[in-house]
Structure formats: C-alpha cells, structure tokens
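Subject: Structure for you to look at

Hello,

Here is the structure I promised to pass on. Please open it first, then read my notes below.

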Amino acid sequence: MNTGPLIKLEHIERSYPLGKQQFTYVLRDINLDVDEGDFVSVMGPSGAGKSTLLHLLGMHDFGWTGEYTLDETAVHRLKPKERTILRNEQIGFVFQNYNLLDDLTVYENLDIPLSYRHYSKSERTALVADTLDRFSIVGKKDLYPRQLSGGQQQLVSIARAIIAKPKLILADEPTGNLHSGQAEDIMRLFKKLNDEGITIIQVTHSETNAAFGNRVIQLRDGWIVDGQKGKAA
Amino acid sequence: MLQEIRFALRQLVKNPLFAIVGILTLALGIGATTAVFTLVNALLIKPLPYQDPARLVLLFQHFRDQHLDTIPVSPPEFLEYKTQLKSFDKLAAFNTSTYNLSIGNAPERVAGALVSADLFPLLGVQPIRGRTFRREESAAGRDDVVVISERLWRRKFDRNPRVLGSKLIADGRTFTVVGIMPASFEFPLSLFNIPGGQFGERADIWQPLGFTDKEMKERGSRSYAVIGRLAPQVSPQQAQAEVETLVAGMRARFPDNYPQTDSFGATLYPLKEQVIGGIKTLLLILVGAVALVLLIACANLATMLLARASAREREMAIRVAVGASRGRLLRQALTESVVLAIFGAGVGTLLAIWAIELVKTLGTQTIPRLGEVEIDPTVLLVTLAIAVGTGLLFGIVPGLAGGKPDLTEALKEGGRGSTSSRRHNQLRNALVIGEVALALVLLTGAGLLLKSFVRLQNVDPGFNPKKVLTAELSLPALAYPDNAAQVKFFNELLRRVGTLPGVTDAGFTTILPMSNVNSDCSFTIEGRLMDATHPGPDEEDRIVTPGYFRALQIPLVAGRNFAPGDKEGAPLVVVINHALAQRYWPNESAVGKRVRIPFTGPAWSTVIGVVGNVRHRGLDQPVLPEFYLPVTQVPYSQLILAVRSQQDPRSLTSALRREVQAIDPALPLAHVRPLEQVIADSVAPRRLAVVLLVAFAGVALLLASVGIYGVMSFLVVQRTHEIGVRMALGAQRSDVLRLIITHAGALIGAGTLLGLIVALLSTSLLHSALYEVSAFDLPTFLFVTVALALVAFVASYIPARRATRADPMIALART
C-alpha cells in the first residue's frame, strides 16, 4: 500500500550543454510532491520548462539529475528498460496534437497500447470494446484519425491514454488545438477520470482549464515559483 | 505478428510509389539471385540422376609422354579391369552410337549408346516399363534388343505401352524394344571437364554392348569409356591404388603394348566432378555477381527506408509513448521490410522464370544438364529464405536507427527530429558509398570478362566459318556394306550438292572443328626409332574429302591437296597441318616424308601437303598437330558434310535434304547447322556467363544510380530551408548547384575509391576465366570507373537542378 506521494521529485535539474563547461538550465532544483488523486495544472510562460517537466515525469527524457520517485519506485536508479516497463504500467499520455497513429483506425489506435503491454487477444478485444463504449465512440471505431474532428481525435487520444489503466495521466496542453466548446468537453472528461481516481498532471496556459484541477504549479525560467509545497485551492 | 503484417501491407498500399520502386528493386536483386541459384541447384547441387551417385567413378587411361591425359580403354583392358578389380561393385563399358530410325515416313537419326548389360544395375535406375538387358544379350547375335528413352517413347510412339516387344528398325536392322527408361534418365552425361568428352546429343536408344573375338585381340584399339561403382567401404584412394597395381601388372605382362614407365596409367575420376567441370568456375563467378547485385539492392532499400524512417519519426515516437519497446519497433520495421522483400521475391521469381527460359535458349545444346534446370520447390524455398534474409538485412539498419526516436523533440507540435535525421544522413551517405563501390566491383568484373570474350571472338580459328552449312550423315552397314558403296554415295552427294545454286565448295570430314569431338591415332615416322621405351607420336586424325579444305577455306601452306587420283589402291597419302610439320620436321620440309598409320595398314603414307592450323578444341585452346587422310583411301560410314555457299547457308537446308533423299530416301540428315553456330556453341558457357554478368552489372549500375538519385533527392528536400536561406542571402543558382553536386561528388568519389580497392583485391579471382586479359587491365578499370562516375553524376545532377529552381519565399515559408 502506497502511503507517500505518488510522485516525489527532489533537486531535479535539467540542462543542455552550450559549449565547453557551459550549460543552459531548463529546470532548476525542482522539488515536488504529487499525491495520488491530484489533478495538477502546470502553468507558466513559454520557455518556463513546463513541457520539459512533463516529459521528464513521463520518462521520455533521461538527461536530468536529482531524484524522482514514482509510486515508491526510485526512477533515478532504474535502467532504461525498467523505466519503460514502469512507464507502461503507470502512465498514459495525452498530447496537444493528439498524436494518433494516422494509419491505424480508431479501434487499432486503442488496441496498440494493449498489444505493446502483451495483453491477450481476448483481453484486448474486451478492453477496447469497453473503452469504445465508455467514450461513446463505437460508431467511429473503423474510421481513421483524419476522418475525425479535432475534439473526436482528442477523445480517442484520452481513451488510448487510459485504456491500459494507468495511475497517472500526463497531458500536454490537451485543449490547445480545440475550440472552446470542445475544450470544455475534454476538461470535463479529465475531471471525471480524476474523480474516478486517476492522477492527472496537465500543462496548460488556460486559467479556465486549470480551474478543473485542484492544484496549480507555476514555473518561471525553470524554477517552481508557486505551488511547490502544499496544495493550492 | 498478424497485426504487424497487416500494418506493413497498409503501409505499402498507402505509399504506392515507394512500394513499386522497392518491389522492383528487390525483384531485380532477388530475381537475379533466384535465376543463378536455379542454375547452381540444377548443375552443382542436385545429385546426378542415379542411385548414390557419389560412388560412381569414371576410369580413363593416359599416355603422359604423348600428352594423352584421358583416353578410353580397349576391350581386353576393360575385361581385365572388370574381372580383377575388387574395389568395384560393378564396372561397365559404353560408347556412343547413332541410329537411323525408320519410323513413319521421314527417316530420323537419333543418338544412342552401346552399353554393358551391367550398366543399368550399376547406375541403380529401373525402367518405367519393361526391363533392361540380360547378360546373355551382350553376345553377338543376341544383341538385337534395345531400351528406349521416355522421350523417344513419347515422341515416336505416342506413349503406347504396346511398344514393348515390338520391332524397331534402325540402320536397316530390326531390334526388339524391351524397356523404357524414365524421363529423368540420361546416359552418358556430357563430361564437361574432359576435352572431347562431351557426348553431344542426349541418348534415346541403348543397345547391349558385346565384344567380338577380333576386338578382344586388339589391346591397343581403345574406344570404350568405363564407369564403375565403388564397393561399399572402399574409398576412391583405395580403388585408385588397386587400379595402379593392376596397371603395373598389365605393363609387365604386355611389354610390347605399354611403355615401361609411368607414362601409361589409369586414373579414377568422380563422375560428378567431370560432369560439372569448367561450368563450376563460371557459376561461382555468377554467384558472386548476384550477391553483389543483391547487396546493392539491399543498400538501396535501406536508403529508401531510412528516408522514410525520418518521415515516420513522429509515428515511432508516438508508438514509444504509448508503450512500444525498442524491440517491438524493430519487429515492426523488420516485418515491413520482410513483407516488402516477399513481394519483391514474388515478382523476382517471375523474372527468374523468364530469365531461365532465356538461359536455356542460349545454351541447352552446349551446357550439360541445362535442360534439367527448372524452378522447383527447393528453389522456391531458398528464394523465400533469401527474401526473408534480404528483408532483415535491409530492414535492420533503418529499423535500429528508427528505434531510438528523440521523444521530446518528435512529439512536440511541429517537431522535426533533427538529431536523428543527421544520424540517418550519415547512414544514407555510407550506404550510397557502399552501393557505388559494389557496383564498381561488379562492373569491373563484367568489363574484364566482356573484354576477354571479345578477344576470344576475334581469335582466328584457322578457317572461315561464315556461310558454311554442316550436316551429319551416317550410312547404315546393311545398305552400304563395303567401302565402294560408301564412297559412291558420298561422291554422288557431293556432285549433286555442287550443282545447287550458290554452292561454291563442299566436302566431307569425320570431325568438325570445335564440335567437342576428337579422335587421335598413333603413327610411325619413317626412319625414326619406335619401341616400348620410345613411343611413337600420337596426334589428332581427321578423314576428309578434298573439298573440305576449300569449303572451310583452310589454306594450303605447302605441297598439294588430295586429288581424284588419290583413290583406293593408289599410293597412300596424308595431309598434315603446320603444327604437326613443325613438331616433327621443324627444320625441313615435311612434304615427301612418310608415315605409317595403323588403320591404313602396313604401307607407308606420303605427306603430300601441309595446311594451316585449325583451333580444333576451342578458340581458347592451343593449336594441336593434326593429320588428314582421304575418304577414298580410308572409307568411313559417318561423315559430316560442309557446304560453302554465297548466300545464307540456312537457306540450303531443304535443298540438301532433297538431294540426300533423292539418292537414298531412307537416309536422314542430322544436326544441320551453320558452322558459325558450331563455333558459337563451343563458347556457349562463356557467352552465357558474360551475358548474365553484363546484365547483372547493368542492373547494379541502374540500382546504384537510383540509389544516388534517391539520396540526393531526399537531401535536396531536407535542405530546402537552408537553400532558401542561402538564396535569400544572395546565393546564385550555380552556387546551389555546386553545393549539391559537391556533396554528391564526395559520395561518388569515396565510393569509387573504395570500389577500386575492392576490385583490385578481388578481380584476381577471375583469373582462370579470363582470356588474354589481365585481371588488372588498366583500360577496363579506367573505362568502368569513368562510366560509373558519369552515370552517378547524371543521377545526382537531376535533383541538384531541381534544387536550383527552389523559390526562396516558398522554401522559407515551409518551415
């Protein structure tokens, strides 16, 4: 039973070399706890390090220093392969540009994360059918992403993110490419998923979207300037 | 896996141009490989069509001092081998023969063989109907039985089973058909490794061989080949040792017949080795060539896939983000490449079927077992394996390169994945360098062999083969029982042929140059010592009519040609060639000298003339000493007619048949073909190898050009933004052209350099297949290098030109 925070970051730094002995820092001394069931919004101006933080949490990026614990597993001590396994077990992703696989149908886009996680054929069929039903997209299952609207694509993208039952969803400006009506639908969906127990961390520029969460972290020039400890209202 | 296959198929449908170029590229590479493997399988790998063929050996004797390395055996010698050698299960003697068949209206000459009754059990082949020979059928008077081929049964008897026991008339004799051999059965096989050992046509009739009492007394009359099956547990070395012991005994017991030195002996040769012979080197060269073509095709596909991997970087990143492991991405990539390769193999197999048919038409008559070549399940299985292997080979590099996408960059809105593109560029460059190098190696090899072949074609054969038609005639002993009847027939035919329009000269010979048939005979030179320790000369013999020299335009160097007066009963005469004159009378005139030739009896024959040398055994073979005897003094029942005409010699065919039929309606004319074709056939294996190698080199050049074109096109697209910036900053079109061409030039230069080094190291492997061309022939190296560089330059110039037309506004806007 996990008694501590779901995510614990301690003294995390991310830099890129500029030249000999010179670096530019994108994240500086990040210390952050995220509890299970939190809905966190990461905000800040462009270049503040929001997406970098998200990719770091998602284990897309390994070039950082510091300590990162996810569900009591010390990520910083894991080998790349072990990180991949942990990521597949715990994390689902939602991107601003949906990042659906263009050449796969909606059904296949939902099926593929399960096939990568070695679910059996019957389990996959059942889970995809459930998810299509849950997101009310059964009628779209044989369509390709290009045949869907932006909102529908993001809906599929979220369905794909949760289909393998992750504890954590990382969303990078999930409504950035949507008009306001669609954006609100998507945020309601996130809120619903959060209410069902999934922890969500989203990067957003929108105060409205942030209002769906229970905590906001402000980043400036790689530093957390607000929301580092404790919970915001 | 099904999911991956489905996705791979969808990728092909989605990118039809990529799919078509990829499939065609692979079809060329895999098709060439399949075609060559089909040849290798049929000619080198497939066992001979006999039971346990590895234990079959041929026995040939030799007289080394007389440069006679593989000569047949005489009946008394065969009987000694057969009865005394314990190393063999069975030994059989055989000789080729021809039969004038009288079935239906048109007489036909077919090839056959006289074989020991033991031959069929020795080979372990059963007839499909009837039986083979009984031992008692080897006796004179009992040998009027024949076994026929399935081919003849089908062709002449419409597969009628009642042919067994029926009568067959050949050469005026009546034979009873007792058995039919299977379609796959072929004997004797052409012995490719032994000059003159090619038995010509495939046999359709086998007759039991029995030796007459007269033959059993002639130890020196050697005309039978011997085949044996080694006894179980006996190695070829043990058998050879036993043969040598027996030969030593023969030498001791018959001192008048054998020199008391190692000059005479007998050697065992594995049958397969003799059948494969020289074709093995040519096939191995072709295997090397197709391997290069396949590698170039792989490099091409790898560059194409790398370009596509760059375009699909975002897709790979998404797959990783939703949980794909690196292994899973690699599996997907390899599935796609293998699926592509299997499609390529499908089209390639169709190309191979077509190519094999082409190859068969180029060399069926002249390359042993070529008729058996076909694409069978083994070939298809190997093709599938090659396809899978090829798919893995060209898929692995882009698969590994695409399996490490930079997620942070690739998943960003508008991310371009520049880091991995740079990595891909380096790989693409390396692949193009490799392609150019491999193409250069192949082109050099093809160039050397082509030059060698051209040199060979330009060799003077010593006669003029143009506008000469040849045809074979065999007079049956029953209808033409004596010399007078035979000579009468030949003279009458010559008279009639001489009156045909356009015919300028006509003559007969026993053996045509380059027909892969030889005959030699020992003789005595007047005034020179000859005994067991001083063996007499043994040289090539031909029996001709005077018109033969004129028909072939073999020049008279000294003395005179045969004349009508040189007939039976007149003083014996002989014409020799220049090489024979030089060998035995190097510093004096040979004309007037006398020799004694065994088959003209004890009288001396006078050398009346010297003619020019003829390259009898092949354009690439040295000239041999030869002597010619007149048909009038040495009658012969099987002769070859040579007719020189002022027109296309083929147009004489029907007139020739008509004239033969007018004299004897039952006499067939066989092997009617122009002399030029005889020569062409003699170089058929070499020509086949050159044709295939040049074709493969052409394919390699095409693939390498496509590869360069593809890479440069991709580079131009990739650098559009940079080109736009440069042009916005004032770069001229010539600057842009120079930029791209310089890049291409560096790749071509590096590839050419590498190719030259590899070619220099590898062309020495071709040494044995080259004729009067060095493996390091500078003009060939220079020519192919310049040609390849030129083609490569054109291939890169097209995309470079396109780059110069870039509109800076559009180029910059595209970022």
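What radius of gyration would a compact globule with 233 residues have, and what does chain A have? The globule would be near 17 Å, and chain A has 18 Å, which agrees. Keep in mind that this is a predicted model.

**Chain A**

Chain A has seven helices and 10 strands. Its C-alpha trace spans about 55 × 40 × 40 Å along the principal axes. Of its 233 residues, 44% count as buried. Now take the contacts between residues at least 6 apart in sequence. In chain A, 66% of these join residues at least 24 apart.

**Chain B**

Chain B has 815 residues, and buried ones make up 46% of them. Its secondary structure holds 23 helices and 23 strands. The C-alpha atoms fill a box of roughly 105 × 55 × 55 Å, again along the principal axes. For contacts between residues at least 6 apart in sequence, 83% join residues at least 24 apart in chain B.

**Where the chains touch**

Chain B puts 17 residues into the contact, and chain A puts in 19 residues. On the chain B side, three helices each supply at least two residues: α1 (2–14), α9 (313–321) and α12 (407–410). Which of them gives the most? That is α1(B), with five residues. By class, the chain B side has seven nonpolar, five polar and five charged residues.

**Two helix pairs in chain B**

Two packed helices are described by the angle between their axes and the distance between the axes. Look at α2, residues 16–45 of chain B. It packs with α19, residues 684–718 of chain B, at an angle of about 155°. Their axes are 11 Å apart. Angles over 145 degrees count as roughly antiparallel, so α2(B) is roughly antiparallel to α19(B). The crossing of this pair is left-handed. From α2(B), the contact uses Thr25(B), Leu28(B) and Ala32(B). From α19(B), it uses Phe696(B), Val699(B), Leu703(B) and Val706(B). By class, that is six nonpolar, one polar and no charged residues.

α2(B) also meets α8, residues 279–311 of chain B. Here the axes come within 9 Å and cross at roughly 160°. That makes α2(B) roughly antiparallel to α8(B). This crossing is left-handed. The contact of α2(B) with α8(B) has 20 nonpolar, five polar and two charged residues.

**Backbone details**

Most residues other than glycine have a negative phi, and most peptide bonds are trans.

- Phe187(B) and Pro188(B) are joined by a cis peptide bond, with omega about -5°. Pro188(B) sits in the loop between β8 (173–180) and β9 (205–208) of chain B.
- Lys165(A) has a positive phi, near 55°, and is not a glycine. Its place is the loop between α5 (150–162) and β7 (168–172) of chain A. Is Lys165(A) buried or exposed? Lys165(A) is exposed, because it has 11 other C-beta atoms within 10 Å, and 12 or fewer count as exposed.
- Gln553(B) also has a positive phi, about 55°, although it is not a glycine. It lies in the loop between α15 (547–552) and β17 (556–559) of chain B. With 15 other C-beta atoms within 10 Å, Gln553(B) is partly exposed.

Best wishes

Methods: Residues numbered from 1 in each chain as written. Chains lettered and ligands numbered in written order. Predicted model: local features only at pLDDT ≥ 70, side-chain atom pairs only at ≥ 80, totals over all residues. Axes fitted to C-alpha atoms, helices over the stretch in contact; angles between N-to-C directions. Helix = DSSP H or I, 4+ residues; strand = E, 2+ residues; numbered from the N terminus. Parallel < 35°, antiparallel > 145°, perpendicular 65-115°, else oblique. Left-handed = near helix turned anticlockwise from the far one by under 90°. Contact = placed C-beta atoms within 7 Å. Nonpolar A, V, L, I, M, F, W, Y, C, P; charged D, E, K, R; others polar. Buried ≥ 20, exposed ≤ 12 C-beta atoms within 10 Å, placed from the backbone. Rg over C-alpha atoms; globule rule 2.2 N^0.38 Å.
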